[in-house]
Protein chains: 4
Amino acid sequence: MTGNIPTIMRVVEAAGFGLDMLRVVDRPVPQPRRGEILVRLAAATLNYRDLAILKGTYKPGLKFERAFIPASDACGTVVALGPDVTRFVVGDRIIPVFTQGWISGLPTPEMRNGRQLGLPLDGVLREYITILAEDAVHAPLTLTDIEAATLPIAALTAWTTLQEGRVKSGAWVLAMGTGGVALFALQFAKLAGAQVAVISSNDEKLARVRELGADATINYRQNPDWAPLVRKATGGRGVDIVVETAGTLSRSLSAAAFGGFVGVIGFTAGHAAEFDLRQLIGPLVRVQGIATGSRSSFEGMNRAIALHGLKPVIDQVFPLDRVPDALAPDRRRM
Amino acid sequence: MTGNIPTIMRVVEAAGFGLDMLRVVDRPVPQPRRGEILVRLAAATLNYRDLAILKGTYKPGLKFERAFIPASDACGTVVALGPDVTRFVVGDRIIPVFTQGWISGLPTPEMRNGRQLGLPLDGVLREYITILAEDAVHAPLTLTDIEAATLPIAALTAWTTLQEGRVKSGAWVLAMGTGGVALFALQFAKLAGAQVAVISSNDEKLARVRELGADATINYRQNPDWAPLVRKATGGRGVDIVVETAGTLSRSLSAAAFGGFVGVIGFTAGHAAEFDLRQLIGPLVRVQGIATGSRSSFEGMNRAIALHGLKPVIDQVFPLDRVPDALAPDRRRM
Amino acid sequence: MTGNIPTIMRVVEAAGFGLDMLRVVDRPVPQPRRGEILVRLAAATLNYRDLAILKGTYKPGLKFERAFIPASDACGTVVALGPDVTRFVVGDRIIPVFTQGWISGLPTPEMRNGRQLGLPLDGVLREYITILAEDAVHAPLTLTDIEAATLPIAALTAWTTLQEGRVKSGAWVLAMGTGGVALFALQFAKLAGAQVAVISSNDEKLARVRELGADATINYRQNPDWAPLVRKATGGRGVDIVVETAGTLSRSLSAAAFGGFVGVIGFTAGHAAEFDLRQLIGPLVRVQGIATGSRSSFEGMNRAIALHGLKPVIDQVFPLDRVPDALAPDRRRM
Amino acid sequence: MTGNIPTIMRVVEAAGFGLDMLRVVDRPVPQPRRGEILVRLAAATLNYRDLAILKGTYKPGLKFERAFIPASDACGTVVALGPDVTRFVVGDRIIPVFTQGWISGLPTPEMRNGRQLGLPLDGVLREYITILAEDAVHAPLTLTDIEAATLPIAALTAWTTLQEGRVKSGAWVLAMGTGGVALFALQFAKLAGAQVAVISSNDEKLARVRELGADATINYRQNPDWAPLVRKATGGRGVDIVVETAGTLSRSLSAAAFGGFVGVIGFTAGHAAEFDLRQLIGPLVRVQGIATGSRSSFEGMNRAIALHGLKPVIDQVFPLDRVPDALAPDRRRM
């Protein structure tokens, strides 16, 4: 164990639901138990999920039960090892896996519901954390701490969606908006030799994604019936993969190619799906719920990131102490 | 060519949309061209699809363009070979493949839209038909002509759904109602060692499917909120595969197991899907449009049918000449 | 913790390589640590792997490093829970998973090489064991302890092979000999509606597998060139799945159907594969190394076993104290 | 039909086995029958397969039965349509599919053995050919006729291997030598964001593939035990996909990553496979026979080629009349 580990750390804690309920408190630095590593966290990222949890709107029936530490995505350095740890050494820079215990294949329902960082497990808005060594991955050497902290949910969800959709060179991918999942989907799709269409309500953001390589961009505010435009951009064939973060399933199906894939991730535009079943049956589309990804997928993704020097798009950065202010109501819109 | 092939045959023709527009007419018996076989049809089966086509309600925007021969499912005997046919010999008992040209893998959009018997291709309500030898399979020796004629749409759709859902011994399958697809799904699921739940509005029919092996039966008229009952029947885990012929996607998702599969086939209860995307995302369900199956799947299915002596459930039988009367309005409900 | 747990237990220990190096010794009963269960073992099974390990022939270069407890397959009852265990309660009857840590999907290389019971982890020839609750499954209620103890390697390997080979009703499966994997493959294949060919050097054993449902049996001593006979039994098409436990890859390929699958498990007849690559290329066969299976597959298999009341075939049973004698040289041949 | 189609065409015909048995003869230009197109061929490519066929060494037991037209890979222009053709119009530039009838999924054994151009079907060393419209694809607009003629076997085999191996951005691919399949595998792997190792006996060729993007190159003449070097180049993990054209299966398995894939295509170094089964079982490798690909895969590949402007590497070009001389013994080594 390195000598300079303090006994007390700062932690951002949610004392209740509501973005004004965050506070910075002191807690003892935990000891790594058998199989665990103690990690000094250097950076954390806030996802849409974190804000929904903080507001109490993440799931129907979600109740506040105890003060908790929010957020799941972070990067840090191993500073101590519990007994029986061989996977890392002190000094390794690591990223915790969002769904703890998910090594490969499908997760179990218990992992999906009970082993996610930020809720129900305490999250990463703190200076130190202990986690099982099996539930972390090496951070890509090509990324800064802040960049590496963006990967666990947004990047891995995008990566998993493209793999489940069997992305190929020459295929078309549709990403929605310019949130984290969409931007990573764009970047990973380009690495894989695919073409990408992006829809957004904001022309500046569309200009930005064109710089990142988007092949077709559509302002859905100006073109509410955007599916035919997406289809036209693909030469009429439709998109092979939809990275469905908005909840616009009917339009996604209309934009999909024969035999295409819709990975359903989010519902920023609402969680009510309404469509005609014939949109699914006629073109033999596959629609599938997507959940971040396993540790094994994470490692594969990191190899791609490191090889290609892919750089995540960073929005805003705050020091840990400033997070409560930064998130307080009327301060921020996501 | 066998000597006793007539030059004129009887054909049931739809002179317009409407169940009263069928008539029996004479037409010349066609000659088999290169690669084709001439088949004397012995039995045909009517599917839900055929009735919808006859009524003109099969697809939005469907227009009557010319008199056509309805129905796709039939069994008959090869009576003559065109040039270059080696796949069959005269005397073979065969079944035409519904989607002509679909040999294996996924069909093409062109096959799916343009190469289906009964529409847009002329169908099987006739005494003789010519088709490409590549687009027919041997009828299982264990089945009568009438039984074999039930396979192309209903049986193969059920078979494909179970395969796409990766049916396993010990898995649970949900079938809806007691139509052809549901009954075949029940029978094939039992052959594969799975358990089957069936929902229906009719207690007599539920008693019947229990005789066929159904492990759990629920009257959805008495239990409109049937999904929790299905789930309870599975010990709480949910069903691994839904053979979704009714169009009740929201309830199907509620009945599905974590990581389960919903094969979307039909919409007897309406084609408007409405559900909460979280029903899909949380349990990582796969939803997929299903289209009968390829010739290669048909052959695999026939091996299972022959091996196990599986017998299709037959409803009513008519001679060809009586089909128009049998289908005339107020005579029949399917 | 239940009151009557002793502090000392009997353990069968290998003091060196060689079947005469086993001895029964006393050791302290371990305490379950965080996430662990303490299990009172009721029955264990010896596999071919265990004997190879005991003889020191399991892997090239295997060296004896320390006294170890052999064997991996067992059934027992949870008698105490370590902190944070929610997966089981005291009194549950469980089976440890052979490859500890393998929950679903593919294992990691680290699991495959370093987390297997019986070597390198201490095994189950003892009265009590502590393992992570995550690394055990409920024993099927339909099985005795002894029967349940046969599942972890032999049954799960057979199950996995059939799943990887996408076993279907009506398919043909080839099993080799009458060892544990082969017998389970036969039983699971029959549950799935498949047909099974078995080869063996012993007519009595072949008579036995016919009673268990084998559809074709071939004495390979009398018919060293057995592949054409297997193919003939399938009507010329070949077998869809080979459960390859013997190491006779060339003959297996000759017996395989176009597009068939060979799951490579063992090498009782030697580990040198020799064949003509055209045997693989022409018929587009898939050949794949197989390793028991994940916890998730184990649970699915147990559902099939319980549903169908499948009973493992038991060979000989010894009390723990008699194991060294039972295995001593010249006492036993496997 | 266009006006200027001659009635007589030149054809290169093999009058027996042996590279000196080719001759240029006149034959009538065929008429397109129902479903067929008449194509004026502009370029053809010779594959390793064609030379083996010409020499009579392609398959054990291959006998010369009649004069035949060799070669399968070509590009040409549609000059006339038979009845019922809608897939192409006169003037379209097309490429015949090597395995005629293979639209998607797996081929049938009948296609694999009986429907391949160049043997047993007459091939493309001629001025005009008729084929079914269903069995051709549009040539990529970005390629010349000669370039397009290289695709049917070499490019599609490489593409299929990478798809079956589930190539991903960040993965490692191993290609053997600098033949057509290897070079296309290199190019497609790079498009998909993968890294590529190439082995060859020739340093100049290795320099050439480095220009094409190879990340690691090894001279196997200087390093006969090349597998550890390949593994080292990947950082110790091994390659995810081997494009196995040489027949060096044992070394390929040694170079493969845990869970990796070996697509077995050819055997330029001999068709006798010899390896230790534990090379397959330990790392859970998948080995699979590979056969070019379906029309549907061909179309997907062509989208990738056109999108990225990928240019095939062309070796030597001859006019049709000069082919016999060019191939005559002592004139050429492949």
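In which sense, parallel or antiparallel, do strand β8 and strand β11 of chain B pair? They pair in the parallel sense, over 3 bridges. Welcome to this structure, which is a predicted model.

- Strands of chains A and B together form an open sheet of 12 strands with mixed pairing.
- Reading across, the order is β10(A)-β9(A)-β8(A)-β11(A)-β12(A)-β14(A)-β14(B)-β12(B)-β11(B)-β8(B)-β9(B)-β10(B).
- The edges are held by β10 (216-219) of chain A and β10 (216-219) of chain B; each has a single partner strand, so one side of each is left without a neighbour in the sheet.
- On average, neighbouring strands here are turned by 15° against each other, direction ignored.

**A closer look at one pair**
- In chain B, β8 covers residues 172-176 and β11 covers residues 239-244.
- B:Ala175 has B:Val243 of β11(B) as its bridge partner.

**Helices across the strands of chain A**
- Helix α5 (residues 180-191) lies across β8, β9 and β11 of chain A, and runs at about 165° to β9(A).
- Helix α6 (residues 203-211) lies across β9 and β10 of chain A, running at about 175° to β10(A).

**How chains C and D are related**
- Chain D is superposed on chain C by a rotation of 180° with 0.0 Å of shift along its axis, at an RMSD of 0.0 Å.
- The two copies are therefore related as by a two-fold rotation axis.
- Of the interface residues of chain D, 100% are also interface residues in chain C, so the copies meet through the same surface.

Methods. Residues are numbered from 1 along each chain as its sequence is written. Chains are lettered from A and ligands numbered from 1 in the order in which they are written. This is a predicted model: local features need pLDDT of at least 70, side-chain atom pairs count only at pLDDT 80 or more; totals for chains, interfaces and linings use all residues. Side-chain values use heavy atoms; hydrogens and water are left out. Two strands pair if DSSP finds at least two bridges between them. Helices (H or I, at least four residues) and strands (E, at least two) are DSSP runs, numbered from the N terminus. Axes are lines fitted to C-alpha atoms, for helices over the stretch in contact, and angles run from 0 to 180 degrees between N-to-C directions. Contact means heavy atoms within 4.5 Å. Copies are superposed by least squares on the C-alpha atoms of residues with pLDDT of at least 70 in both.
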